[in-house]
Amino acid sequence: INMKNLIYIIIFIPNLLFSQETKNMEFVRVRNITCESGQTIIFEVDSGNILKVLNSTHSAYPGHGNSQTKLNNEFIYYYRDSNGLHYLEPNFPFYLSEGNHSLWSYDGTSTLYTLEFKLTTP
């Protein structure tokens, strides 16, 4: 476990212990998913697990005016400098169910910051 993941765990564990939404979820790990410019990566959420997407970032290349990130073919970040259009959606946090998901980045590096949980029965 690296230092960055340890910091995430220290920050989020107290929230998880006292949150109603996590009563039927067992924390598995911090999982940050990164995609480089021009790539589409496919990542899997194991059967019986979910990912809680806390936030995302997009690091655009300096001087470039069209940066984009898509999750499962839906924009979660869009920036076009030439006409001042800024677009960031959806509201965080949100969940990804088990199965395959895709992350695509254009003109920069995109990262999803997530926590992985195993679904349990009460």
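Over how many bridges do strand E3 and E7 pair? Select strand E3 (residues 49-60) and E7: they pair in the antiparallel sense over three bridges. Strands here are DSSP runs (E, at least two residues), numbered from the N terminus, and two strands pair if DSSP finds at least two bridges between them.

This is a predicted model, in which local features need pLDDT of at least 70 and side-chain atom pairs count only at pLDDT 80 or more, while totals for chains, interfaces and linings use all residues. Residues are numbered from 1 along each chain as its sequence is written, and side-chain values use heavy atoms, with hydrogens and water left out.

Stay on E7. Leu51 stands opposite Leu96 there, and Lys52 has Tyr95 as its bridge partner.

Next, select strand E9 (residues 108-119), which pairs with E3 in the antiparallel sense over eleven bridges. Thr57 stands opposite Thr111 in E9.

Now show the whole sheet. It is open, with four antiparallel strands in the order E1-E9-E3-E7. Strand E1 (25-35) and strand E7 (94-96) each have a single partner strand, so one side of each is left without a neighbour in the sheet.

Turn to the side chains and select Leu71. Its contacts (heavy atoms within 4.5 Å), not counting residues up to four places away in sequence, include Phe43, Phe94, Ser102 and Leu112. Leu71 belongs to the largest nonpolar core, of twelve residues, among them Ile33, Val53 and Leu103. Such a core is a set of buried Ala, Val, Leu, Ile, Met, Phe, Trp, Tyr and Cys residues joined through side-chain atoms within 4.5 Å; buried means under 20% relative accessible area (1.4 Å probe, protein chains only).

Last, select Val30, Ile50, Leu115 and Phe117, which are included in a second, separate core of five residues.

Methods:
Buried means under 20% relative accessible area, exposed over 50%, partly exposed in between (1.4 Å probe, protein chains only).
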